[in-house]
Amino acid sequence: MELRPSLAALAVALAAFTFLGWIGLSDCGNPRAAEANYNLLARGLLKGQLSIDKPAPAGLVALPDPYDPDANRPFRRYEGDRLQDISYYRGRLFLYFGAAPALLLFIPWHILTTAWLAHWAAVVLLCAGGLLINARLVRAIGAEAFPGASEWAMAAAVLVLAFASYAPLLLARADMWEVPIAFCYACVSAALWCLWRAMGPGARPARWIALASLAFGVAFAARPTVLPNAAILLVPFLAGSVRRSPRAWAGAVVPLLLCGLAVADYDALRFGSPFEFGQHYQLSGDYESKMRHFGAGYLPVNLGLYLFKGVQWTSVFPFAHEPVAAALPPGHGKVEHISGVLLNAPILWAALALPFLGASSRRVRAVLLSAAWVGLSSLVLMGCFFGTCSRYQFEFTPALALLAAVGVMGLESRLRGAARLCARALAAAALLFSCAFTLLYSLDRAVIDHTNYGRDCLVGGRYPQARAELAVALSLSPGYATARLASGLLDYAGHRLDEARAVIAGVVRDDPGYAAAHLDLAAVLAAQGRFADAAAQYRATLALEPANAGAAAGLRSSLAHAK
């Protein structure tokens, strides 16, 4: 039996999804899935409570202002109670995300298997489900609009859906924050498929519209930002027969409305208001209730970051690294591992070919316009948010990838001769770069996360865990300077001074502009009594960072001991 190229592409994508989810840092390094936050919510719901199954720390309860980021920092960090981005209200802890993933995925999984589902595994399952639905939709569109497209074009479309969607960036840190986004991706993919079926010949549109409405309803119960996408429920009503159907109107309105009312009741019971999702009571590095979370003023800079921001390319594997932070407008939050999708996943430009590929059926045009609206509405909404990070890109990029996948199939079907060969060459190059970039940049994300967690463990005195995390980071990127430096400091903390000096000296040799490496090497040399050498490293630090008070103090001490 011959293996179809599209199935091979799908197998490669699912294997990559699983690897990235497994290798990334999830659940704050906690190996016990039962203590993952969505499982804590599931456990709480099974006990009949809306808060998570975890008591608020007594120290947090005793704070005069528990929402002050400086005051609550000990409870948010990895080595503390790991309450980062948890909502605290009247002595109890909540997830400000909706309960739908807990109700529809984590609780059923526990009931069926008696085990608890890890966050990373949940995100892998949801992304795989969304990919399968979108691949089926693209195949159906291709069969109707571009029957001349080859099986190899479908394989390319699968790779576009899997990698140019930026799914690898979500999977590389598949934790609490990524669960609702992946859940919405699967739900929106299902809604688009239902709309496709609703507009098919001989279909029962009311039934399929109701299922699409339900998909948007449960997505809203996971992440309210999906609500603007639901405007595509109106697309089937462009047909007069559907417009005249009371059942179709009821199908579009009732499921989404019931889910919305359930969410409003859920939030009223948790926070005393049907319009409070818990963000104002969130424990984070910002004072959330004082922040301006949404504003049109953030849009211009965020569009530039989301669509056209470049990354830092070096000779150190995985080659693509997080860029240096750019200047931001007042009030803008942090920028986290961002990269411009149109610059770094150039195969997405294939979507622009769709208007020039000839007339398609009304059904095809309606679904493609629906996907375009999903991408545009999500991009604008998240562009108005005060924070910018790679996981938010997965709210709009999958829709662009769907359009680009159809564009690839259309180019293969419509073009002939030299034009087809040229289009194939350009598409192949763009697809290869897009896939390579998202895989490499997702590995960079995993390396950074494991390194940062390893450093936190080192500072907290949990040396075995620090060594394990740094080992993962260095296995993925042996030349990553920050992980190497932290490994040297781990040797220093264990009084292995010769090993520490060798490791840190190697970092200084390979990256002479790394001020922290010079400073740490100076500390090791001073601990070995090599004060003249230590003074030279302190001077090197000050040459790079003239205002470094620690280096200045170390230099004075080393010079005094060297006399």
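Start by selecting Tyr 166: at 0% relative accessibility, it counts as buried. Keep in mind as you click around that this is a predicted model. Tyr 166 sits in the loop that runs between helix 7 (151-164) and helix 8 (167-171).

Next, jump to Asp 85, in the loop between helix 4 (69-76) and strand 1 (86-89). Here again phi is positive, about 70°, and the residue is not a glycine. Asp 85 has 10% relative accessibility, so it counts as buried, the cut-off being under 20%.

Pro 318 is in the loop between strand 3 (312-313) and strand 4 (320-321). As background, most residues other than glycine have a negative phi, and most peptide bonds are trans.

Now for the inside. The largest nonpolar core has 161 residues, and Tyr 38, Leu 41, Val 138, Phe 216 and Leu 402 have the most contacts within it. Color helix 9 (residues 178-198), which supplies the largest share of this core, 16 residues. Then zoom in on Tyr 38, whose contacts include Leu 95, Phe 97, Pro 101, His 119 and Met 176. A second, separate core of 19 residues is also there; select Tyr 514, Ala 517, Leu 525 and Tyr 538, which are among its members.

Last stop, the surface: Val 253, Val 254, Leu 257, Leu 258 and Leu 261 make up a nonpolar patch with about 450 Å² of accessible area together. Leu 257 lies in helix 12 (residues 246-271) and is partly exposed, at 47% relative accessible area.

Technical notes
Residues numbered from 1 in each chain as written. Predicted model: local features only at pLDDT ≥ 70, side-chain atom pairs only at ≥ 80, totals over all residues. Heavy atoms only, no water. Core = buried A, V, L, I, M, F, W, Y, C linked by side-chain atoms within 4.5 Å. Buried < 20%, exposed > 50% of the residue type's maximum accessible area, 1.4 Å probe, protein only. Helix = DSSP H or I, 4+ residues; strand = E, 2+ residues; numbered from the N terminus. Contact = heavy atoms within 4.5 Å. Patch = residues over 30% accessible without salt bridge, like charges linked within 9 Å, V, L, I, M, F, W, Y side chains within 5 Å. Areas by Shrake-Rupley, 256 points an atom, 1.4 Å probe, with all protein chains shown as cover. Salt bridge = Lys/Arg side-chain N within 4 Å of Asp/Glu carboxyl O. Lists of a residue's contacts leave out its neighbours within four places in sequence.
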